[in-house]
Amino acid sequence: MSRIKNRLASLNGNKALVAFYTAGDPDMDASKEIFAVIEKNGADIVEIGVPFSDPLADGPTIQASSHRSLNNGTTLKKIIRMVADIRKTSELPVVLMTSFNPIFVYGQKEFVADAVKAGVDGVIIPDLPHEEAEEFLAIADGLDMIFLLAPTSTPDRVQQIGKVSKGFIYYISLTGTTGTKESLSVGLEEKVSEIKNSVSLPVLVGFGISGPEQAAEAAKASDGVILGSAIVKLIETNSNPVERDRKLGEFLTSIQKAINS
């Protein structure tokens with residue numbers, strides 16, 4: 001059983017909190033410190049963003065963090081080495097969110113081997129739909145391949161994704177790109193309920209969740225929430241590490257309380 005499956009199974013009815021941030025922003029040393037803060041303040045899974053110059057689904061906040069990270073010389077190899085360092089002290093599930101290009105350039109088999117050895121648990125590749133993922137799925141032994149569903153996903157697609165996904169289903173609450181929004185999509189609860197009736201995996205909701213109120217709304221309909229842009233923005237606007245870590249801890253604690261109260 002994977003770390004992701006183990007962690008989600010251990011929640012006993014509580015809602016999962018997945019925290020995303022971009023590796024290498026503001027730098028790789030800070031990224032390890034940020035991981036520790038996230039773990040200490042109640043996250044169940046950490047989603048680490050691999051920066052790429054031409055991402056598919058990232059909104060302006062995460063795009064900007066990727067550019068800063070790339071300018072700092074961050075690479076996929078360095079991120080995998082960071083995960084290996086993290087694994088010396090942590091068993092918290094780690095998911096890499098990346099475009100397919102960095103994996104292709106790395107070498108698919110080499111990436112899988114190095115990622116699994118380092119302790120990566122899963123991958124999300126937004127620009128690799130399941131129709132085109134057969135080759136990668138065939139060699140991704142040891143990694144949970146997490147696919148995305150959206151408000152526009154048809155019942156047939158929901159069933160197909162349910163068959164090939166591992167770990168959890170990532171439900172995009174809004175069409176478009178990532179980013180904090182004032183409100184979640186109309187019909188969220190109904191759509192997530194339909195998906196949960198068709199798949200056996202937990203369904204977690206991401207995109208557009210900016211604070212405790214929206215997190216609580218999303219958690220009511222699902223098995224947990226994924227926060228990204230709000231965390232990345234907090235990191236960007238707090239250059240002092242002590243202040244950054246304090247505010248990040250307080251934010252995550254408020255989200256954890258909101259989704260499980």
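The model is predicted; local features need pLDDT of at least 70, side-chain atom pairs count only at pLDDT 80 or more, and totals for chains, interfaces and linings use all residues. Residues are numbered from 1 along each chain as its sequence is written, and side-chain values use heavy atoms, without hydrogens and water.

Ser239 lies in the loop between helix H11 (229–236) and helix H12 (241–259). Helices (H or I, at least four residues) and strands (E, at least two) are DSSP runs, numbered from the N terminus. Met28 is 211 residues from Ser239 in sequence, yet 14 Å away in space, C-alpha to C-alpha.

Strand E9 spans residues 224–227. Gly224 and Ile226 point one way, Val225 and Leu227 the other. All are buried, that is, under 20% relative accessible area. In a regular strand the side chains alternate between the two faces of the sheet. Strand E1 (residues 16–22) runs parallel to E9 and is joined to E9 by 4 bridges; pairing requires at least two DSSP bridges. Val18 stands opposite Ile226. Strand E8 (residues 203–206) is also parallel to E9, with 2 bridges. Here Val205 stands opposite Val225.

Helix H3 (residues 60–71) has 12 residues. Thr61, Ile62, Ser65, Ser66 and Ser69 are buried in H3. They cover an arc of only 135° around the axis, which puts them on the same side of H3; the arc is that of the directions from the helix axis to the C-beta atoms. Pro60 and Asn71 are exposed on the face turned away from that buried side.

Definitions and conventions:
Buried means under 20% relative accessible area, exposed over 50%, partly exposed in between (1.4 Å probe, protein chains only). The expected span of a helix is 1.5 Å times one less than its number of residues.
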